[in-house]
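This briefing is for a reader new to the structure.

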Amino acid sequence: MSKQNIKGMLIGIMLIAVCSIVAYFIALIPAVKQMSLSPLIVGIILGMVLANTCRRYMPASWEPGLKYCTKRVLRAGIVLYGFRLTLTDVASVGLPALAVDTIIVCGTLLLGIVLGRMLRMDRDTTLMTATGSSICGAAAVLGAEPVVRCEGHKTAIAVSTVVLFGTIAMFLYPIMYRAGWLSALSDTQVAIYTGSTLHEVAHVAGAGNAMDPTDTLHIAATATITKMIRVMLLAPVLVVMSILLSRSTSRSTAAGHDSKRKITIPWFAFGFIAVIGFNTLLQQLCGAETVKDIPGNSAIEWADTFMLTMAMTALGADTTIDKFKQAGAKPFLLALLLFVWLVIGGYLLTRFLVPA
């Protein structure tokens, strides 16, 4: 690259970094924080504002900087996400939570694919929307983007569906809990139900704290751990998705058997799992009671959140209103149907699979 191209790329990265800093501080505003809107969500909103106002005046030389944020920075952020979980956390909630999480993830993905075909949606938007609903919201959508290799605005649309229905669920679950609609579930079952069905980690934390503000019933803590187990399932899902997409593309290629698409190995997913193992070792060596007590954890989590916010902001900067109009209402209809499945199907699974 020439010096001029490098300069343009660095300016693009700096622009996204500045927007991400703004997003981070906006997320600290009490009213925003109370709604559990993470910097990632605020970042994509700021990015979309940028896309629909100033993007047309942006020099083309800045584009590589935005692409760098949606590729390199994104993958590094997914790897560092592993520092939020240890295998000790997984063991503490036991096999029932793992079983419910696995069924929810696989069931939501399969249901999403079937419903997407019924709605005649394109494959990429269907996969991104289903992945966000099934695993861990925006982080899952970002993780799937390098595997699916879809257009940036489709990623942003999938994230938008997660934000909408995840936020609705965050307020709905405490209402159901207070109204006695979850009285058939024990406190542990309520926690696993919440962690296995809500979209974002922030949504789970918000709902858990609303139901059990002091965590005397351990609803918030157990729900968060259950949610993080779902996050851990992101790695194997991406590997399987990559293999299936490769085979599907190969069959649909008209050029013959020699024109197969290479399997996209999501190495960052393996890095994510490796970091979880390393974090578990650190916890044992340091004698830390929880993952939050591991030395340096808070700094790593902050850096990771900022990197993912940069990726979300860059994706938002590629999403204009015209692209939303082009996508239509189908992605949101699909997300609505998956939301209904998560609320009802998740309740039934938790009631019958998790001991009271």
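**Salt bridges and burial**

Arg-84 is buried, with a relative accessible area of 18%; buried means under 20% relative accessible area, exposed over 50%, and partly exposed in between, using a 1.4 Å probe and protein chains only. The model is predicted, so local features need pLDDT of at least 70, side-chain atom pairs count only at pLDDT 80 or more, and totals for chains, interfaces and linings use all residues. Residues are numbered from 1 along each chain as its sequence is written, and side-chain values use heavy atoms, with hydrogens and water left out. A search of the whole structure finds 7 salt bridges, where a salt bridge is a side-chain nitrogen of Lys or Arg within 4 Å of a carboxyl oxygen of Asp or Glu.

**Arg-84 and Glu-301**

- Arg-84 forms a salt bridge with Glu-301, and the closest N and O atoms are 3.9 Å apart.
- The pair links distant parts of the chain, 217 residues apart: Arg-84 lies in the loop between α4 and α5 (87-118), and Glu-301 lies in helix α14 (residues 297-316).
- Helices are DSSP runs (H or I, at least four residues), numbered from the N terminus.
- Glu-301 counts as partly exposed, at 23% relative accessibility.

**Glu-145 and Lys-71**

- A salt bridge joins the side chains of Glu-145 and Lys-71, at 3.2 Å from N to O.
- This pair also links distant parts of the chain, with Glu-145 in helix α7 (residues 138-148) and Lys-71 in helix α4 (residues 63-80), 74 residues apart.
- Glu-145 is buried, with a relative accessible area of 4%.
- Lys-71 is partly exposed, with a relative accessible area of 31%.

- Asp-124 forms a salt bridge with Arg-123, and their closest N and O atoms are 3.4 Å apart.
- Asp-124 counts as buried at 14% relative accessibility, whereas Arg-123 is partly exposed, with a relative accessible area of 37%.
- Elsewhere, salt bridges that share partners join Arg-84, Lys-292, Glu-301 and Asp-304 into one network.

**Met-118**

- Met-118 is placed in helix α5.
- Met-118 counts as exposed, at 64% relative accessibility.
- Met-118 and Ala-27 are 91 residues apart along the chain, and their C-alpha atoms are separated by 38 Å.

Notes
Helix = DSSP H or I, 4+ residues; strand = E, 2+ residues; numbered from the N terminus.
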